[in-house]
Amino acid sequence: ANILYEKVDYLTGPERLVLFGSTSITNNTLRTPYLFRNLQPAPLPERAILGVQFVDYFDTFSTVYIVQSDALSHPFFRGTGAYLSQSIGATGRNGKAAGFEIDSSVAGTVVDSTTIVDGVIGFDRGVPPSGLVILAKGSNNMANGNQAQMVTYTTSAGGKVFSVGSLNFIGSLVSGDPMLAAVVKNVVNSMIPPTPTPTPTPTPTPTPTPTPTPTPTPT
């Protein structure tokens with residue numbers, strides 16, 4: 001969650017990230033103009049790249065993903081045994097997999113202008129890329145159909161994008177949730193180029209040397 005969210009500086013001595021607009025992570029008013037979705041003169045909503053972006057937090061750690069119909073035939077869910085409307089991601093270090101801060105693919109309604117948005121539901125901007133596939137949705141259904149969404153799409157250049165839309169996802173992954181582990185394994189394997197099959201070197205066929213026919217000597 002909150003990927004590609006805002007501009008920061010990375011400094012050394014000691015190593016640290018410095019927020020633009022405010023040194024306090026809780027002072028959202030000063031930070032808001034530096035969210036990528038608010039950059040001027042051309043906002044850069046992260047939804048256009050990731051397929052989803054932060055819309056709000058759902059103040060609970062008890063929400064799971066619900067498998068959607070498009071997942072059943074998708075390569076990322078191949079071999080997982082998933083079925084429609086199945087709940088997945090029920091365990092994790094920080095609670096269930098789709099809880100707390102969430103990212104959604106639902107298009108924002110604020111046009112690109114000097115208007116500053118805070119990124120919450122109903123005051124958001126940015127549309128998802130074409131061809132987006134929603135594999136799973138969080139059970140934390142909020143206003144306007146927003147919830148944590150696990151999505152994927154293929155870019156115009158052929159690249160694959162996979163986003164999970166939840167701050168808690170990694171906690172479930174490292175806790176050994178078998179379904180999420182299988183999905184991520186499929187995602188990673190799909191992005192590894194196949195090993196090229198070596199072209200066999202043809203074995204040269206020897207050309208037989210003709211035996212000369214002896215010329216008879218006249219007597």
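Are Glu46 and Arg37 buried or exposed? Both are buried. This is a predicted model, and the notes below start from that pair.

1. **The Glu46–Arg37 bridge.** The side chains of Glu46 and Arg37 form a salt bridge, at 2.5 Å from N to O.

2. **Arg37 and Asp124.** Arg37 also forms a salt bridge with Asp124. The closest N and O atoms here are 3.4 Å apart. This pair links distant parts of the chain. Asp124 lies in the loop between β6 (100-104) and β7, and Arg37 in the loop between α1 (28-31) and α2 (47-50). They are 87 residues apart. Both Asp124 and Arg37 are buried.

3. **Asp124 and Arg47.** Asp124 meets Arg47 in a salt bridge as well, at 2.8 Å from N to O. Again the pair links distant parts of the chain: Asp124 is in the β6–β7 loop, Arg47 is in helix α2, and 77 residues separate them. Asp124 counts as buried because its relative accessible area is 5%, under the 20% cut-off. Arg47 has a relative accessible area of 0%, so it is buried too.

4. **The network.** Taken together, Arg37, Glu46, Arg47 and Asp124 are linked in a network of salt bridges. The structure holds 5 salt bridges.

5. **The nonpolar core.** The largest nonpolar core has 23 residues. Tyr65, Phe77, Ile88 and Met150 touch the most other members. β4, β7 (133-138) and α4 (178-190) each supply at least two residues of this core. The largest share, 4 residues, comes from α4. In soluble globular proteins, nonpolar side chains tend to be buried together.

6. **Ile88.** Beyond its neighbours within four places in sequence, Ile88 is in contact with Val64, Tyr65, Val67, Phe77, Met179 and Leu180.

7. **Phe76.** Phe76 is in the loop between β4 (65-67) and β5 (87-88). Its relative accessibility is 3%, so it counts as buried. Setting aside neighbours within four places in sequence, its contacts include Leu135, Thr152, Phe162 and Ala182. Val183, Asn186, Val187 and Ser190 are also among them. Phe76 and Ala182 are 106 residues apart along the chain, yet their C-alpha atoms are separated by 8.3 Å.

8. **A surface patch.** Ile3, Leu4 and Ile49 form a nonpolar patch on the surface. Their accessible area together is about 270 Å². Ile3 lies in the segment before β1 (8-11). Ile3 is partly exposed, because its relative accessible area is 46%.

Terms used. Residues are numbered from 1 along each chain as its sequence is written. This is a predicted model: local features need pLDDT of at least 70, side-chain atom pairs count only at pLDDT 80 or more; totals for chains, interfaces and linings use all residues. Side-chain values use heavy atoms; hydrogens and water are left out. Patches are made of residues with over 30% relative accessible area and no salt bridge: like charges are joined within 9 Å, nonpolar side chains (Val, Leu, Ile, Met, Phe, Trp, Tyr) within 5 Å. Accessible areas come from the Shrake-Rupley method with a 1.4 Å probe; for residues, only the protein chains shown count as cover. A salt bridge is a side-chain nitrogen of Lys or Arg within 4 Å of a carboxyl oxygen of Asp or Glu. Buried means under 20% relative accessible area, exposed over 50%, partly exposed in between (1.4 Å probe, protein chains only). Contact means heavy atoms within 4.5 Å. A nonpolar core is a set of buried Ala, Val, Leu, Ile, Met, Phe, Trp, Tyr and Cys residues joined through side-chain atoms within 4.5 Å.
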